[in-house]
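Please keep the sequence and the 3D view open while reading.

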Amino acid sequence: MQPWRFAVVENKSAKDKLGIALTTKLRADMTTAHLPQSQIESRISSSLLRLGQAPVVILLCRDLTAVRGAELEEESMAVQSVASAGLQLLLAAHAEGLAGNWICWPLYAQNAVRDALKLPNSWQPQAMFFLGYPNEAPKEKTVKSLDDVAIFL
Ligand SMILES: Cc1cc2nc3c(=O)[nH]c(=O)nc-3n(C[C@H](O)[C@H](O)[C@H](O)COP(=O)(O)O)c2cc1C
């Protein structure tokens, strides 16, 4: 069904609109959670800084019309397909010498992001990627051992 859709956000005005949509929702959610004002503002300014510094932001969406049926399994399958496209995007970027971060923030403000960027109504934001040429090598990560994540039968 190829339910993946991409909105490539390059210009400052579109990035600003995306930032306002994301932070307005974040501020509302953090206020509802009774977090201190200073914490809210510091989180918002650091998030906006990261967004502003990313040379390219690619928003990954799911097209709600690209689905075979209304069953929950079909929805899960579409989300899995879109996530696979997201991983392919990161691998392709890496192959081109780019680095990227998977950012799930749009999940928390799907309607606000769609409206702010005037995306088609059927496009449901799922994630975004900050892409650029890296100026540092990623640190080695501790990953779970094979025994923690796999069973052999
Ligand atoms: C599904 C998924 C969602 C993520 N969402 C966020 C996010 O919203 N914000 C964030 O800072 N990092 C998020 N990350 C982690 C970043 O993509 C990245 O791994 C993290 O910033 C660490 O970067 P590093 O691996 O280069 O140290 C997410 C990772 C995954 C796999």
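Pro-120 counts as exposed because it has 12 C-beta neighbours inside 10 Å, where a residue is called buried if 20 or more other C-beta atoms lie within 10 Å of its own, exposed if 12 or fewer, and partly exposed in between, with C-beta atoms placed from the backbone. Pro-120 is found in the loop between H4 and S4, and these labels follow DSSP runs numbered from the N terminus, with helices (H or I) of at least four residues and strands (E) of at least two. Although Pro-120 and Asp-63 are 57 residues apart along the chain, their C-alpha atoms are separated by 8.9 Å.

The model is predicted, and local features need pLDDT of at least 70, side-chain atom pairs count only at pLDDT 80 or more, while totals for chains, interfaces and linings use all residues. Residues are numbered from 1 along each chain as its sequence is written.

**The chain as a whole**

The secondary structure of the chain comes to 5 helices and 4 strands, and reading along the sequence gives the pattern β-α-α-β-α-β-α-β-α. The C-alpha atoms fill a box of roughly 50 × 40 × 35 Å, taken along the principal axes. Of the 153 residues in the chain, 22% are buried. Two residues are in contact if their C-beta atoms, placed from the backbone, lie within 7 Å, and among contacts between residues at least 6 apart in sequence, 76% join residues at least 24 apart.

**The sheet**

The 4 strands form an open sheet in the order S1-S2-S4-S3, with antiparallel pairing; two strands are said to pair if DSSP finds at least two bridges between them. S1 and strand S3 (99–103) stand at the edges with a single partner strand each, so one side of each is left without a neighbour in the sheet. From one strand to the next, the twist averages 25°.

| Residue | Bridge partner in S4 |
|---|---|
| Asp-63 | Trp-123 |
| Cys-61 | Pro-125 |
| Gly-100 | Leu-131 |

Helix H3 lies across S1, S2, S3 and S4, and runs at about 155° to S2, where axes are lines fitted to C-alpha atoms, for helices over the stretch in contact, and angles run from 0 to 180 degrees between N-to-C directions.

**The core**

A nonpolar core is a set of buried Ala, Val, Leu, Ile, Met, Phe, Trp, Tyr and Cys residues joined through C-beta atoms within 7 Å. The largest one holds 21 residues, of which Leu-18, Val-57, Leu-59, Leu-60 and Val-113 touch the most other members. Strand S1 (4–9), helix H1 (12–32), strand S2 (56–63), helix H3 (72–95), helix H4 (110–116) and strand S4 (123–132) each supply at least two residues of this core, and S2 gives the most, with 5 residues.

Which residues does Val-57 touch, not counting residues up to four places away in sequence? They are Val-9, Lys-15, Leu-18, Leu-51, Met-128, Phe-129 and Phe-130.

Ala-112 lies in helix H4 and is buried, because 21 other C-beta atoms lie within 10 Å. Leaving out residues up to four places away in sequence, Ala-112 touches Ala-21, Thr-24 and Lys-25. Ala-112 and Pro-125 are 13 residues apart in sequence and 9.6 Å apart in space, C-alpha to C-alpha.

**Two residues with positive phi**

Gln-2, found in the segment before S1, has a positive phi of about 45° although it is not a glycine, and Gln-2 counts as exposed with 10 C-beta neighbours inside 10 Å. His-34, found in the loop between H1 and helix H2 (37–53), has a positive phi near 60° and is likewise a residue other than glycine. His-34 is exposed, with 6 other C-beta atoms within 10 Å.

**Around the ligand**

The residues around the ligand are Asn-101, Trp-102, Ile-103, Cys-104, Trp-105 and Pro-138, each having its C-beta atom, placed from the backbone, within 6 Å of it.
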